[in-house]
Amino acid sequence: MTIKVDGAVAVEEIFGGWPTFHDAEILRIEIDRKGPRLALDLLALAQAGSLILVQFAFDEVDDFNLSGFNHQNVIWSLALDQAPEDRIRVIFEPIFGAACSFTCTRCEVLHVAPADPRTGSAGQVPPERLPL
């Protein structure tokens with residue numbers, strides 16, 4: 001991974017490096033015009049076979065595109081690439097359901113935790129880390 005992601009170490013420790021997030025599922029997308037900011041929850045399968053909830057926040061979001069969001073949103077990959085003007089191009093490539101892309105100035109991992117396989121839920125984000 002060449003793009004700086006704040007909090008990436010927590011993801012890399014669980015996945016043994018920065019994952020592609022192949023077969024991860026987008027559970028939640030929240031967009032706030034303040035910033036503008038986008039928060040997103042991904043449910044991913046770690047190498048050990050355990051489900052992990054990864055919560056992201058993206059700052060100064062622009063050029064936002066979302067299509068196909070439905071009851072199940074499985075992605076092929078999460079791509080982070082350099083874009084013009086010191087921005088980051090973010091692409092959630094779909095397998096089924098949501099396709100999402102945008103640019104931002106900052107990407108942050110807010111929370112990483114084991115998830116309940118029945119519900120996909122995990123421990124709550126501490127209030128001081130809430131994105132919005």
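In what order do the elements of the protein chain run from the N terminus on? I read them as α-β-β-β-β-β-β-β-β, that is, 1 helix and 8 strands. For these labels I took DSSP runs, numbered from the N terminus: helices are H or I runs of at least four residues, and strands are E runs of at least two.

**Basis of the entries.** I note that this is a predicted model, in which local features need pLDDT of at least 70 and side-chain atom pairs count only at pLDDT 80 or more, while totals for chains, interfaces and linings use all residues. Residues are numbered from 1 along each chain as its sequence is written, and side-chain values use heavy atoms, with hydrogens and water left out.

**Whole chain.** I looked up burial and found that 45% of the 132 residues count as buried. Buried means under 20% relative accessible area, exposed means over 50%, and partly exposed lies in between (1.4 Å probe, protein chains only). The accessible surface comes to about 7200 Å², and 52% of it belongs to carbon and sulfur atoms. These areas come from the Shrake-Rupley method with a 1.4 Å probe; for residues, only the protein chains shown count as cover. I then turned to contacts (heavy atoms within 4.5 Å). Among those between residues at least 6 apart in sequence, 56% join residues at least 24 apart.

**Helix α1.** Which residues of α1 are buried? I recorded A8, V11 and F15. They cover an arc of only 65° around the axis, which puts them on the same side of α1. The arc is that of the directions from the helix axis to the C-beta atoms. The buried residues of α1 pack against β2, β3 and β8. After α1 comes G16, with a positive phi near 75°.

**The core.** A nonpolar core is a set of buried Ala, Val, Leu, Ile, Met, Phe, Trp, Tyr and Cys residues joined through side-chain atoms within 4.5 Å. The largest one has 33 residues, and F21, F56, F58 and F92 have the most contacts inside it. Elements that each supply at least two residues of this core include α1 (8-15), β1 (25-32) and β6 (87-96).

**Aromatic rings.** I counted rings of Phe, Tyr and Trp (its six-membered ring) as a pair if their centres lie within 6.5 Å; planes under 30 degrees apart count as stacked, over 60 as edge-to-face and the rest as tilted. By this rule the count comes to 8 aromatic pairs. The ring centres of W18 and F56 are 6.4 Å apart and their planes stand at 75°, so this pair is edge-to-face. W18 lies in the loop between α1 and β1 and F56 in strand β3, so the pair ties together parts 38 residues apart in sequence. The rings of F56 and F58, with centres 5.8 Å apart and planes at 15°, are stacked. F56 is buried at a relative accessible area of 0%, and F58 is likewise buried at 0%. I also noted one aromatic cluster, formed by F15, W18, F21, F56, F58, F64, F92 and F102.

The side chain of Q55 makes a polar contact with the side chain of D41 (3.4 Å). A polar contact is a pair of N or O atoms within 3.5 Å; within protein, one must be able to donate a hydrogen and the other to accept it, and residues adjacent in sequence count only if both atoms are side-chain atoms. V74 lies in strand β5 (residues 74-83). V74 and F96 are 22 residues apart in sequence and 5.2 Å apart in space, C-alpha to C-alpha.
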